[in-house]
Amino acid sequence: MLDVLGLAPDDECVYRALLGRPHSTAMPLSDLLGLSRAAVEEALSRLVGWGLVTRSADERFTAAPPAMALGSLISQRRDGLRMAEHALVTFAEEHRAAMTGSSINDLIEVVTGVDAIRHRFLQVQHAARTQVRSFITAPFVALPPDENTAEPMALDRGVRFRAVLDRAVLAEPGIVHDAIDSLRNGVQLRVADDLPMKLVLADSDLGLVPLAMTPAGEPGAVLLHRSGLLDALDALFETVWRTAHPLELSSTGGASEAPVEVVPNSPTELDRRILALLLAGLTDLTTAAQLGLSPRTLHRRLRHLMDMAGVRTRMQLGAHAVRNGWTDPP
């Protein structure tokens with residue numbers, strides 16, 4: 001748990017043991033933890049050096065209060081990370097300046113092999129400071145979406161994720177479940193009928209584009225640094241994003257939650273089913289139960305339909321729906 005602060009497993013075990021056993025010596029701690037006396041003494045020495053443990057003249061040890069000792073260590077690590085972030089910005093600017101006028105070989109890196117592509121894919125996301133954008137198509141050669149460990153870490157840093165899914169991807173096993181998890185975590189998802197390629201972009205600085213198999217049968221990809229080609233891919237993503245259909249969750253939670261495609265200026269299949277049931281005379285609660293929705297979600301969808309139709313009452317919405325064929329099968 002404390003390895004992120006630089007503590008080894010033995011250090012953490014010894015510190016936690018001391019929390020309830022002040023004024024202990026190395027020998028009883030060794031017996032308690034099943035560690036050699038030498039290992040305990042080494043851990044105690046490190047803990048004393050970090051200020052997590054105090055040592056008396058008769059070689060007795062006491063854990064410093066966690067709020068004070070660990071808080072100080074966390075603050076030091078946080079300050080260090082801030083300095084590293086400033087250094088990253090400086091290095092990135094130096095790198096961009098150095099790349100100006102560079103040859104094509106400096107702007108494009110060819111990556112070959114599943115492991116190398118996976119490493120670069122995760123690395124590109126780790127490098128993002130503000131946003132990650134991607135095109136997701138099948139098949140998944142290097143890394144399935146549910147194994148993308150870089151995404152939750154980047155989201156925790158405040159990085160914005162936007163992804164467009166090729167419609168065929170929704171038929172892949174487990175994709176709907178992964179989409180639900182991503183939507184819950186704040187990832188913005190849209191669906192396009194046919195994407196031209198796989199793609200991941202980190203800010204406007206890096207892009208990874210998987211390619212077809214090499215003659216040797218290995219998958220390949222290119223890693224692009226800031227360049228005119230990367231600018232073109234940036235523009236391509238934004239164009240596709242604007243015309244793709246958003247995905248949103250169909251309810252506020254529970255087993256019935258599912259991603260629903262929202263088609264601008266026209267009702268979704270779920271909307272049509274809601275209208276059909278309400279026009280048939282079912283109550284809001286019964287309609288919500290029939291469709292596996294929460295009442296709150298039902299009311300939100302109705303409010304959206306009223307806005308779309310430009311009406312203010314349920315009666316006006318019903319008339320508009322019948323007049324415009326909103327209850328007919330799509």
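Predicted model: local features only at pLDDT ≥ 70, side-chain atom pairs only at ≥ 80, totals over all residues.
Biologist: Are the residues of β7 buried or exposed?

Modeller: A residue is buried when its relative accessible area is under 20%, exposed when it is over 50%, and partly exposed in between, using a 1.4 Å probe and protein chains only. In a regular strand the side chains alternate between the two faces of the sheet. In β7, Leu 199 and Leu 201 point one way while Val 200 and Ala 202 point the other way, and all are buried.

Biologist: How many residues of β9 are buried?

Modeller: On one side of β9 lie Pro 219, Ala 221, Leu 223 and His 225, and on the other lie Gly 220, Val 222 and Leu 224, so that both faces are covered. Strand β9 is largely enclosed by the rest of the structure, because the number of its residues that are buried is seven of the seven.

Biologist: In β9, which residue is the bridge partner of Thr 112?

Modeller: Strand β3 (residues 108–112) and β9 pair in the antiparallel sense, over five bridges. Within β9, the bridge partner of Thr 112 is Gly 220.

Biologist: What is the volume of the largest pocket?

Modeller: On a 1 Å grid over the protein atoms alone, points where a 1.4 Å probe fits but cannot get out form a cavity, whereas a pocket is an open set with protein on both sides within 12 Å along at least five of seven lines, and lining residues have an atom within 4 Å of a point. Grid points are joined across faces, edges and corners, and the volume is the space filled by probe spheres set on the points. For the largest pocket this gives about 850 Å³.

Biologist: How many nonpolar residues does the lining of the largest pocket have?

Modeller: The lining comprises 42 residues, and those nearest the centre of the pocket are Phe 121, Ile 136, Leu 143, Pro 144 and Pro 145. Ala, Val, Leu, Ile, Met, Phe, Trp, Tyr, Cys and Pro count as nonpolar, Asp, Glu, Lys and Arg as charged, and the others, Gly among them, as polar. Besides seven polar and six charged residues, the lining has a nonpolar group of 29.

Biologist: With which residues is Pro 145 in contact, leaving aside its neighbours within four places in sequence?

Modeller: Pro 145 lies in the loop between β4 and α7, and its relative accessibility of 31% makes it count as partly exposed. Contact means heavy atoms within 4.5 Å. With the sequence neighbours left aside, the contacts of Pro 145 are Phe 140, Ile 175 and Asp 178.

Biologist: Which residues touch the most other members of the largest nonpolar core?

Modeller: A nonpolar core is a set of buried Ala, Val, Leu, Ile, Met, Phe, Trp, Tyr and Cys residues joined through side-chain atoms within 4.5 Å. Of the 26 residues in the largest one, those that touch the most other members are Val 124, Val 132, Val 159, Phe 161, Leu 189 and Leu 208.

Biologist: How many residues are in the second, separate core?

Modeller: Val 14, Leu 29, Val 40 and Leu 73 are included in this second, separate core. Its number of residues is 18.

Biologist: Which peptide bond is cis, with omega near 0 degrees?

Modeller: Pro 139 has its place in the loop between β4 and α7. The cis peptide bond, with omega near 0 degrees, runs from Ala 138 to Pro 139.

Biologist: What is the relative accessible area of Asp 203?

Modeller: Asp 203 is found in the loop between β7 and β8. Although Asp 203 is not a glycine, it has a positive phi of about 55 degrees. Asp 203 is buried, and its relative accessible area is 7%.

Notes: Residues numbered from 1 in each chain as written. Heavy atoms only, no water. Helix = DSSP H or I, 4+ residues; strand = E, 2+ residues; numbered from the N terminus. Pairing = 2+ DSSP bridges.
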